[in-house]
Every structure is written in structure tokens, then in C-alpha cells.
Amino acid sequence: MVFVKEYLLGNAAIARGILESGAGLVAGYPGTPSSEIIETLSPLAGQRRMHVEWSVNEKVALEVAIGASWANARSVATMKHVGLNVASDPFMTLAYLGVGAGLVVITADDPYCHSSQNEQDSRRYAQFAGVPCLEPADPQEAKDMTVYAFELSERLNLPVMLRPTTRVSHARSDVETGQLPALAASNAGFTRDPSCRVALPVHVRPLHKRLIAKQETIDKELSSAPWNRLVCRADTGIIASGISGLYAEEALKDLELDYSLLRIGTTPAPSGLLTEMLEHCRRILVVEELEPVLEEQVALLARKVRPDLDLHGKSLVPRAGELDLGLVRNAISALAGLPAREPIVIPEKDILPPRPPALCPGCSHRATYQAMIKAFGKDAVFPSDIGCYTMGVGMGTVETCLCMGASISVATGIRFGGDERPICCTLGDSTFLHSGLTGLLNAAYNGARLTVTILDNSTTAMTGHQPHPGTGRTATGQESCPVSLEDVARALGAGLVETVDPYDLDRAVEVFRKARDFSGLSVVIARQSCVISARRQGVRRQPLQVTDACVGCQVCLNFGCPAIEWTGETASINTLCTGCGVCAMVCPSGSIKEVVR
Amino acid sequence: MRSSDCDIVIAGVGGQGVILISDVIGRAAVKAGLPVRGAETHGMAQRGGSVVNHTRINCRYSPMVAEGGADLLLALEPVEALRHAHFLAPGGTALVNTAPVLPVTVTTGKFAYPPLEKVLSPLQRIGTVRAFNATELAASAGTVQAMNVVMLGALSRYIPITEEAILAALAQVVPEKHLKVNLRAFELGKAEVD
């Protein structure tokens, strides 16, 4: 067999593993840090005879993957960690029913919330459901574990979770790739077996017992998994999971300590290997990111194997945020009685201007927010949602952000909770189609008086411009029937539905006023292409400039577009200007004009 | 004890092409038969925010460079050099593009953009600083977009990978029609530090 080394992103390595496993279907919803798995696969779907889709949400993605597995095609559902909350309903019962062909659920965790609303630990879900979880330390393991996960899933008749973290999904390394299987004729087809496909009480009672009994089989299977490696040295030892194993190895080398090291890549960790470690070591530090999942398992086992074990874990290793070499080295130093290495402090850093992520120059969300404030007033309530537009928090129009699609339902609750003020909530087109539909239906059904603004930039911008049902294009570039947000909003029961171009600021304010004064549920669709997509499609607008008439009132600066700068006395427009023209409408003195060629 | 041959931290602003630099180094390292690790910033932080990338040559550990562990700090923007100065190893080298990109906190007048000498002096205390206007050099090569490749050219003089392997990797990453401009940019960056 010929092996080739490539410099691969962790997510691309996972995609490679999916290809090497001959999967027939991959479904997912975009979410950082998971999106590149499907993005890597979608151009290859045709030549590998594989169905690849962006599903409407994670629950749908998992259900589609389950259907494929039950039809005997290896399948994958991919999502970010919080996506599994949405998909948790099928996930929990799937463990009872089992799979047909191998099914891998990929949930990319995000310790430190680099791009997320929380940092929940998906290993807890795996424990909760009673399914095994594989935790790669680097892109090579991510690829190899993906291949292994399908085999394990089929051997156990269970879904298997693959849980990379941001530092694996968005790491790159040299990855040795294997061969792709020959394309064989599909032998897919659904096999009828109601006893394990129909979750009736009479069926699931014995299936639950079967799932409990399988836990022992899982332990046996994982005892030979190559991802769990023990090196016995001194009678003090480190047990570390996933990427923490690499931090621990490097820290031990750096500190020149001859501690034993057990690297763990599976949840549960195999009890045999843990027992061996516990019999060898009298003192152990468990290093893992987020929850003390492994530590709890070690503590439980120690009660039987070594009750006098001197066990450390979250007492020395932070439970919140991500780990790094420095944190792990200091935890090990504390165990060894060595001094901690102090963080490097550079006092001059206090001159640094912050550089937070911001809405792009010319982003239409900024214009929509401006129109909303003008029409609804600053005293109105502005629940919002998850997407690029959450970055508009500084404008005062993002007052809540909870989870995908929550804006409308939270707004409904604020209204029925007794707030009488105008309420205008916002969510993006992709988020609306993901899980805003049910909130809108509920608001209409229960008669909530509020305005729902759909910030329609015709893409899933935040995660890298993936298509969705409103775009009329699938993950693999096939044309599909574009769903009309207006028709959907009316069908779900909105009494007033208006569409407006936010770049036409005056008209947008007028429409928002009409929505504000409407006596029932109104929907405003603020439609304008994402500036990034527009630039890629070749849209060029005439940039703007500030004329001598500028009086230095700074109203345009407060609008917050990165293309507008303060020179000390007047405003000026820099080269980032995309020519949206909204600042010219915001300027009270009429001092901003198009550049005349 | 060293865990890699060369630890590099690449800092910049979303959109400046930080990822391309590490992609080229990584591919070149693979061509040279060296294990290599990289860590990238994707997602939310990219939107005009500060981005950072870690690259470790001949390394089998995690992709993250430790504080005070970077042999090289490559900064595509001056204040981003200072923001990540705690990564620079004592005696390490910082290669800094002196052309500022003003953050929105400065353009809106809430914060001041500090003068260059104040930005660079803490770095000079830690190691060697090579500062030059890579954006201007890229413009003279044909396009300011190639600023990242100017910086890559400068970096190439400091990393334990042959120029041949780096250029071969660059040719894989850059579209063919832009390759000439990028090669010019690479040469200008290299000449700047020679």
C-alpha cells in the first residue's frame, strides 16, 4: 500500500477518514469549528458516489444520517458541540435502537468558546447516551479514528461519537493518508425489523437492558484501541486525554520528569489499562479539558483497585477554558513540588487598542440596526440570535443571544411576561430556517405582538458562506427550489410581512415604523447580499468620500463602519469603503458623497 | 530540552493572509520530510479581528507554541506584534510589517493608535526586531495583496527549510496567474532582511 503525507487541517483529515471508510452519506449543519468537514467533502461527492448535504439543522442531519445507516450505508452527522443539543433527541434513542451500517456522530467541541455561546463537553453526552466517544489529539489521529469509528460502530451496533476540539479541527499537521476504497455497487436498502427500528415502549424496554449490557462490551472493545497508551515509569503518573496528552508529554520532557504517562483517546477509558496504571502509581494527576469525565472514572475505579490513591485533577487543572502547555506544565510542577512558571507580562501592552471582531465595512446588518433604532427608539427591547449580526452588540440592538433560533421565542416570552414596550427581535436567514420557524409559528399561534426582523444576507455568513434552503443551492452546488421567506412567514401566521433593502435607509425606517405600529405579529425581511459574497460575485459600488462640508459631528463615526475614520477634526472614508452609501444617509449635514470619477 | 526545531507565531488581522503563510511553511516542511504542526484562527474572530497562527517545524507535540517560546514572531501589522509579544522567546527574532491597519476602536476615536517606536521597544527588549513596510514592498511588486508573501520571503531566511521547498509550496498555494507577482514579493521580503 502506498502512503502519502499531506499537510492537512484537522477537519480535512476527518473528511479524508470519511472517504477512506467509503461512507455513503454525510449530513451536517455548519458551525465553527466543524464546518470544513462537509466543505472538504462536497466537491468530491459525485466522484465518490456519496450524498453530502447541508441539512436544515443538526437534528435533521442526524435523522438523515440514521436513515442512511438503517438503509445499510455508512453515514456521518457532523456539527459543533451545541448542535448536539439540537440533535440530542434522536441521539439518545438511537443508542437504544442501534445502527445498520456504521454511523459516526462528529461533534466539534470549542473549549474557551472561541466561536461559541458555551463550552459544554460532549463527552458528557456520550456518557449520557451510553455510546463510546473518541477524542483525537491531532489531525493524524482524527483521520485514523474516523476510520476506526465506523468499524467500532458496526462491531458494537451503536453510533460512535468523534469529538475533536478547536485545537484539533483547526490544527494542521503532516497526515499520512491511506487508500480510498474501490467504488463498489451499492447494496443499500432498508431492512424491516420493528423490534429495533420502532421505539415503542414494548420494544425499548428490552433495548435499554441491551444498551446497559453493551457497556461491558464497549470496555472490552476499547481495551485494544490504539488510542490509549501507557508508558510505565515512576510511581507518580499522569493520565491525559486527547490533546492534553500532547501537552503532558511536552511538559514532562520540558520538566525532565520520569513520570508514568497514560494517554487516553476514548470515553470511557478502558478499565484494564486504568487498573494497570493504578496498580503501578500511588499518585496520579488527571489532565483533561473541561469536565472531569476521566477523573471521575479514575476516582470510581480507585475505590476498588487502590483506595489510598493520591488523586489530583481539577484541583490543579482548570475546568473552564482550554488548556495549553503552560497550564499543564504548571499543574505537573505543582504535583512535583516545583515552582510554577509565571505568565509573561508585558506592561506596555496597555497602550494596545483593542481589535475585536466587527461587522464588515458595508455590512447591511449595521444599516438594518440603524433603521430599527430610529423606528423603535432606544427604549424598545431587541432580542437577537446567533450569527455575524451578534457582533452588532455595541449598537444596542442585540440585547439577548441564547441559542440558535431563540430570538423569536424569547421575544414572545418577554411580551407575555408583561413587558409592554415595542419589541423587535433579529435573526439571520440561515438561523431562521434552522430553528426560527417553530418560534414564529408559536408566536403567531399564541398571538404575540412583536416584530421579527429576518436579516437576510442570503447565506450562512459567519461559518464561511454555506448555502441553505433560501439560497436555492445545495452543499454540492445542485440547484434546488429556493424557499421564499415571505411565503413561509405568511404561512406560519405573521399578519404583516414586508421586505426592505437596508441600504435604502429611509425606506427601511418607514417599514420598521409600520411594523412597530402593527397590532399583531409582523415580520420584516431586511434583504441585502453579504458584502463578502457580493465582492466575490464581482459587485462593485462607487466608494464614498467626506466633503469639506463636514462639521465634525461624529454621527457617522458612531454608525461604526470600519471604513469611516476620525482625523481629529473631521471624518474621512478609507479604502475599505464598499460603497453601500448608508453613511451618506446617516450624515446630518449631507457631507458624504460618492467619489466622482 | 527543545520540543521542535523552530517555533513560529504569525500574527495579523483577519483578511491579511496569515493562514497562507503557515500553509506554505507546513507544505514545505512536509516536502522536506519534517513533522510539522500548525494552529489557526477561524470563525468569528476572523471578521476584522486579531488573528494568530502557531507553526512548529520538526515537532511531534501540540500545535501550540508556549509563551516565551517563539523563535520567530512574524507580525503582519505592528500592534499585533506587541499583542503577541509574550510569545517571543528571549533572543528570538520579530519580523514586523510597519504598515498599520487601524482597528475600529481607533477609527471611531475611542482609542489612540500608538506610535511605532512605543510598539516596537518592548519587542526590542526581548529579542531582535526587523521592521519594514511590507505593504509598500508588496505594492512595488505589483499588489498590496501580496504583503503576506513579502513577509514569507523575509521569514524564509530564518527557518530551517530550504528556499526551494518553500517556493515549491508557494506555487501550490497561489493561483498560477498571481504567481509572478508573488515571487517578486517573496524576493523583496527576502532582500529586506539579507
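Start by selecting A:Gly10, A:Ala13, A:Ile14, A:Arg16, A:Gly17, A:Ile18 and A:Glu20 in α1(A), and then A:Pro139, A:Gln140, A:Ala142, A:Lys143, A:Asp144, A:Thr146 and A:Val147 in α7(A): this is where the two helices meet. Colour them by type and you'll get six nonpolar, four polar and four charged residues in the contact of α1(A) with α7(A). Keep in mind that you're looking at a predicted model.

Now show the whole helices, α1 (residues 10-20) and α7 (residues 139-156) of chain A. Their axes are 8 Å apart and the packing angle is about 25 degrees. Angles under 35 degrees count as roughly parallel, so α1(A) and α7(A) are roughly parallel to each other. As α1(A) passes α7(A), the crossing is right-handed.

Next stop: another helix pair. Select α11 (residues 243-255) and α14 (residues 325-336), both in chain A; here the axes come within 9 Å and cross at roughly 55 degrees. That angle makes α11(A) oblique to α14(A). Which residues make the contact? On α11(A), pick out A:Ser244, A:Tyr247, A:Ala248, A:Glu250, A:Ala251, A:Leu252, A:Asp254 and A:Leu255; on α14(A), go for A:Leu325, A:Val328, A:Arg329, A:Ile332, A:Ser333 and A:Ala336. The contact of α11(A) with α14(A) splits into nine nonpolar, two polar and three charged residues. This crossing is right-handed.

Now bring chain B into view and look at where the chains touch. On chain A, 48 residues are in contact with 46 residues of chain B. Which elements of chain A give two or more residues to this side? They are β1 (4-9), β8 (171-177), α11, α14 and β20 (564-566). Chain A's side of the contact divides into 25 nonpolar, eight polar and 15 charged residues.

Chain B has eight helices and six strands, and along the sequence they run β-α-β-β-β-α-β-α-α-β-α-α-α-α. Along the principal axes, the C-alpha atoms of chain B fill a box of roughly 50 × 45 × 35 Å.

Methods. Residues are numbered from 1 along each chain as its sequence is written. Chains are lettered from A and ligands numbered from 1 in the order in which they are written. This is a predicted model: local features need pLDDT of at least 70, side-chain atom pairs count only at pLDDT 80 or more; totals for chains, interfaces and linings use all residues. Axes are lines fitted to C-alpha atoms, for helices over the stretch in contact, and angles run from 0 to 180 degrees between N-to-C directions. Helices (H or I, at least four residues) and strands (E, at least two) are DSSP runs, numbered from the N terminus. Angles under 35 degrees count as roughly parallel, over 145 as roughly antiparallel, 65 to 115 as roughly perpendicular and the rest as oblique. A crossing is left-handed if the near helix is turned anticlockwise from the far one by less than a right angle, and right-handed if clockwise. Two residues are in contact if their C-beta atoms, placed from the backbone, lie within 7 Å. Ala, Val, Leu, Ile, Met, Phe, Trp, Tyr, Cys and Pro count as nonpolar, Asp, Glu, Lys and Arg as charged, and the others, Gly among them, as polar.
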